[in-house]
Amino acid sequence: METETGEKRDTTTINNVMCLLTHPDGAPLGAPMYLPQNAGPQQLQLIVNKILDNEEKLPYAFYISDEELLVPLETYLHKNKVSVEKALPIVCQPQAIFRIRPVNRCSATISGHAEAVLTVAFSPDGRHLASGSGDTTVRFWDLNTQTPLYTCTGVIIRHKNWVLCIAWSPDGKYLVSGSKSGELQCWDPETGKLSGNPLSGHKKWITGISWEPVHLSAPCRRFVSASKDGDARIWDVTLRKCVICLSGHTLAITCVKWGGDGMIYTGSQDCTIKVWETTQGKLIRELKGHGHWVNSLALSTEYVLRTGAFDHTGKQYSSPEEMKKVALERYNKMKGNAPERLVSGSDDFTMFLWEPFVSKHPKTRMTGHQQLVNHVYFSPDGQWVASASFDKSVKLWNGTTGKFIAAFRGHVGPVYQISWSADSRLLLSGSKDSTLKVWDIRTRKLKQDLPGHSDEFYLFAGKVFSVDWSPDGEKVASGGKDKVLKLWMG
């Protein structure tokens, strides 16, 4: 605007908008406040750190209606035609203070297994890797950080049949493997030798293994196994026997999780999820809603349950007591005041979000997949849920509300398994189409396409059955029909 004398006068005024800053669970950080419309993520970072009185300034991402705020408020409001008549809710999501590099190259192809690699898993500290195969063996691979790519050695002792699942104890002291013939074996990862005789009791194949969290018991002693025979069994590795049998499902149990509050969750082909207490094995709740088999369960706290006291710093611990204390601190910090959440994926093409401690009824029904849901997985920070389906897609959902966020398309075959980077910024998927793909959660786009398991003559001959992103974020491992283990790095 010009005055009568021709001088230019600045008439810009900065309008304020009333905002309600909230935690991811919806709890307000404080009362609604007026913020200048030209405030963007950087200004909000300062405001939130001040409100929460954080001694160490933490990074945050800000979300309005599940969309990340990357521009000043006024730009967002104008673009989305948002009414500002009432307080604008802005979710403040703490971000990892470290950043994981996307994997973009195969750094090692390791042969050794004589049949398909069915399952791969890194140890809680990310320093060791184990695999199970159709050749009836479990192998431990040496990932010494000085020579992580080329000096991998295997230790072999056989099961009676295919090794279908493996699970590390969260203190890293044991690995348990379960086979198609129903027996379980407990291994000492330091020596690669069996810790005693096989654990027998299941009448059919093992479908899942989950350890009691280290913040509840250290050193780790108990784990639960699930079987096609319809039972779940709690074992004590010190006593070398089954201490509790969880019976009640009428069909095969397909998946099992030992929650951070001490409860065990089992999903079954009888369409139900059962919740068990673990001192006597009593059934305390039944979660109904699915119209077909339950295939997969995921807990919002799963990452901290898996890693226990270990984090991105690589710190090691001298005593079980210290480990238990640190693991409890990590668990409580991650969980906050919100209840532990559970997601189930089913053959009925749907998912449910549950808060089992709050209600036996689902919080949300999550629909959109066009074929069975094979695998569900919460991000390490609990903000997201990812789902893999036989419809060739991976879908992203809000981990608190269950609201659909995005679909990741690019695979040309069913997606078998997914895994998250430790900073929750990247998602990995492995498919029947013989590729791995890395997806960027912020941009909702493909970050990296990783072919390598493919067979040049036969489409799908390199099916990727199992993928895992190491908890320290450094490496990805994949195994499949081509019998090789591949390591990928950034």
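Strand β27 (residues 373-378) and strand β28 run antiparallel and are joined by five bridges, where strands are DSSP runs of E of at least two residues, helices are runs of H or I of at least four residues, and both are numbered from the N terminus; two strands pair if DSSP finds at least two bridges between them. The model is predicted, so that local features need pLDDT of at least 70 and side-chain atom pairs count only at pLDDT 80 or more, while totals for chains, interfaces and linings use all residues. Residues are numbered from 1 along each chain as its sequence is written, and side-chain values use heavy atoms, with hydrogens and water left out.

The hairpin of β28 and β29 has three residues between the strands, with K392 in the turn at a positive phi of about 80°.

Strand β28 (residues 384-389) is mostly covered, six of its six residues being buried, that is, under 20% relative accessible area with a 1.4 Å probe and protein chains only. W384, A386 and A388 point one way from the strand, whereas V385, S387 and S389 point the other way, and all are buried.

Three cavities of 30 Å³ or more were counted, a cavity being a set of points, on a 1 Å grid over the protein atoms alone, where a 1.4 Å probe fits but cannot get out. The largest cavity holds about 80 Å³ of space, a volume being the space filled by probe spheres set on the points, which are joined across faces, edges and corners. Its lining comprises 13 residues, of which Y303, R306, Y377, P380 and W420 are the closest to the centre; lining residues have an atom within 4 Å of a point. At least two lining residues come from each of α3 (302-307), β27 and β31 (415-420).

The protein chain as a whole has four helices and 37 strands. Its radius of gyration is 24 Å, close to the 23 Å that the globule rule gives for 490 residues, so the chain is as compact as a globular protein of that length; the radius is taken over C-alpha atoms, and the rule is 2.2 Å times the number of residues to the power 0.38. Of the 490 residues, 54% count as buried.

Technical notes:
Buried means under 20% relative accessible area, exposed over 50%, partly exposed in between (1.4 Å probe, protein chains only). On a 1 Å grid over the protein atoms alone, a cavity is a set of points where a 1.4 Å probe fits but cannot get out, and a pocket is an open set with protein on both sides within 12 Å along at least five of seven lines; lining residues have an atom within 4 Å of a point.
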